[in-house]
Amino acid sequence: MYTALLITQIILAVTVVSCILLQSQGSGLGAAMGGGGETFHTRRGLEKVIYYITIVGVILFAANSIALLIFR
């Protein structure tokens, strides 16, 4: 049981990190130097799907972390 939870934790960690890196923020180095034109942006299509996968992944990651603490 513990080994399955560890493997699940690794898969969830890779998934969450990948989804976070795939999300485009549009604020790079130019925004850090004062040139960030802030505009309202709605998520559509694949960007919205990745956003929801990230939220679900983080919730599952937290639940799996708690399960790892309980079953240790």
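**View 1. Length of α3.** At 1.5 Å a residue, the 25 residues of α3 should span 36 Å, and the end C-alpha atoms of α3 are 36 Å apart, which agrees. The expected span is 1.5 Å times one less than the number of residues in the helix. The model is predicted: local features need pLDDT of at least 70 and side-chain atom pairs count only at pLDDT 80 or more, while totals for chains, interfaces and linings use all residues. Residues are numbered from 1 along each chain as its sequence is written, and side-chain values use heavy atoms, with hydrogens and water left out.

**View 2. The whole protein.** The secondary structure comes to 3 helices and 0 strands, in the order α-α-α from the N terminus. Helices (H or I, at least four residues) and strands (E, at least two) are DSSP runs, numbered from the N terminus. Of the 72 residues, 15% are buried; buried means under 20% relative accessible area, exposed over 50%, and partly exposed in between (1.4 Å probe, protein chains only). Among contacts (heavy atoms within 4.5 Å) between residues at least 6 apart in sequence, 88% join residues at least 24 apart.

View 3. Helix α1 covers residues 2–22, 21 residues in total, and reaches 30 Å from its first C-alpha to its last, close to the 30 Å expected. Leu5, Gln9, Leu12, Val16 and Cys19 are buried in α1. Seen down the helix axis, the buried residues of α1 fall within an arc of 105°, so they line one face; the arc is that of the directions from the helix axis to the C-beta atoms. An α-helix has 3.6 residues a turn, so residues three or four places apart point the same way. The face of α1 turned away from the buried side carries the exposed residues Thr3, Ile10, Ile11, Val14, Leu21 and Leu22.

**View 4. Packing of α1 on α3.** The buried residues of α1 pack against α3 (46–70). In α3, the buried residues are Ile50, Thr54, Gly57, Asn64, Ala67 and Leu68, and their cover includes α1. Residues that meet across the pair include Leu5, Leu12 and Val16 in α1 and Ile53, Val58 and Phe61 in α3.

**View 5. Geometry of the pair.** α1 and α3 pack at an angle of about 150°, with their axes 9 Å apart. Axes are lines fitted to C-alpha atoms, for helices over the stretch in contact, and angles run from 0 to 180 degrees between N-to-C directions. The two helices, α1 and α3, are therefore roughly antiparallel, the term for angles over 145 degrees.

How values were computed. Parallel < 35°, antiparallel > 145°, perpendicular 65-115°, else oblique.
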